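Dear colleague,

Please find the structure below, handed over for your records.

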Amino acid sequence: MSSAMIVIFGLVGFSFGWFVYSRFIAEKIFKLDPNFVTPAHEVNDGVDFVPTNKFVLWGAHFTSVAGASPIVGPAIAVYWGWVPAMIWVTLGSIFFPGVHDMGALWASNRHKGRSIGALSESVIGKRTRTLFMIVIFLLLLMVNAVFGSIIATEMITFPTAVIPSWIVIPLAIGIGVLIRKNYNLLVISIVGVSFLYFTVWIGSVVPINFPDEILGINKTAAWILILFAYAAIASMLPVWLLLQPRDYINGAQLVVGLILLYVAVFMSMPDITAPAFNDQMQPDTPSMFPLLFITVACGALSGFHGIVSSGTTSKQLNKEPDARFVGYLGALGEGSLALITLVVVSSAMYAASPAEWHVLYNKFSTGGATAFITGGGNLLTDAWGLPNVFAQTLLATMVVLFASTTMDAGVRLMRYIVQEWGQIYNIKLLDNNVAATLFSVGCCLALAFGAGGSTGSGGNIIWPLFGATNQILASLTLLVLSIFLIKLGRPARYTLVPMALVMFIATWGCAVQLMQFFREERWLLVFLSVAVLVASVMVILEAISVFSSLKREKEAPVKS
């Protein structure tokens, strides 16, 4: 079978999602109002609340939410076979994350840019806010630990990506200043992406390799410490100076990269060498249900998106209808990345034959970002004639930049939560920017090194727990949206049905992981799993109470 058929199936589905389904949700359910004064205009503090062009905001939002997950997740999940992964990536992207992301952005916009955790207090109740914030903080903790491990691994595996990945920082600052001065956005984009690709060429000929040990620390741990030091600094800068322009230029280069990859599929027409359903799995392979859904993670649905939508993106929304462009189209962009990842790791560009594919995918958890970079580099070389080192450096840089922008946003969002706790409990130290940031980064490092030992690779170990927590949070966000819609007197089935399905699957998956961690005596991860499950169940119980109250109010006889 030709890989082009998978691409056609996915793109037709995404087109339906954008032109039909998202328009219906935006106009009939959320009722996005172009005359509504957004928090970005109402507050406009020049730091967090900044009215932003929707194309710039789409780039910032997309790369913040995408990270490396829509690459790593599908590239691992394909072990069960490419058919189940393709169906979940495509149909999931249409009916689940687009509504979730746009809805979180809209609801936050209607509540003065408050985060989904703070928003839960208004929609459900005061106790819910504390529980919600715990789940969000734990998820962000996992996100940062996971992505720190991924970036460190790719920096070591593909040292040619080091130079372009770090040069993009001063490039982004320059772009941020130019955008702030209202220079032509198209010209800035063309020049910025061109310069980024020039640095990719430089990196391809000048790789940067760390020695095995630096001051007694192995190189993986050294990279993780450097990355969190950078994330701490970046998270305290104004969004327009680094986070926003860096995300935008990353989004622009991703669009170019996706175009190159998708066109390359039709130019090369590689055959699928992976099995539709894998019948040669190792005995210790986890069950496809429910692990497929939480392994694909951000490739289909992610609670982290709701945090970003309500935590940073809603504070930059210029007009309310932009929520559809930024939120739903951002989710489809992530689905497109997940789809092309599936094609790359399933095709002859990664494994020349079914036998070779089974050798490369010899157990669950193989593949990942490295498989995407290797297969994608081969595809670009075959179709476009690019030097293979350059092609792989281009894709490695894409992965690293995505993951690092997610770390930027993740640490910033953790700081927001810690500062909120400082305000709620009157702890002035935690309300301080620097102290809150240092506390957040310290927690991330404690998880990375606590779960992964001296290498700091705890993020690799907690991937399944991250995926389960991620989707539990997504279901809780959909739950808040559903109650908000019911209070407004609008149909809630478009959020309630996805919420119920995801809640069941993700809770099941988290329980499976809990039992595995218990058998392996990984007590830190057991604690995290229990904390997520307990907090989530309590939020659900609070929500059920609100549902019951709303139902009683609706059924109560009208007094004459």
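What percentage of the 560 residues in the chain do buried residues make up? The share is 63%, where buried means under 20% relative accessible area, exposed over 50%, and partly exposed in between (1.4 Å probe, protein chains only).

This is a predicted model, in which local features need pLDDT of at least 70 and side-chain atom pairs count only at pLDDT 80 or more, while totals for chains, interfaces and linings use all residues. Residues are numbered from 1 along each chain as its sequence is written, and side-chain values use heavy atoms, with hydrogens and water left out.

Overall fold. The chain contains 23 helices and 2 strands; these are DSSP runs, numbered from the N terminus (helices H or I, at least four residues; strands E, at least two). Its radius of gyration is 22 Å, close to the 24 Å that the globule rule gives for 560 residues, so the chain is as compact as a globular protein of that length. That radius is taken over C-alpha atoms, and the rule is 2.2 Å times the number of residues to the power 0.38. Along the principal axes, the C-alpha atoms fill a box of roughly 80 × 55 × 50 Å. Of the contacts (heavy atoms within 4.5 Å) with a separation of 6 or more, 85% involve residues 24 or more positions apart.

Surface. The chain exposes about 20500 Å², with carbon and sulfur atoms supplying 67% of it. Phe266 lies in helix H12 (residues 243–268) and is partly exposed, with a relative accessible area of 38%.

With kind regards

Notes:
Accessible areas come from the Shrake-Rupley method with a 1.4 Å probe; for residues, only the protein chains shown count as cover.
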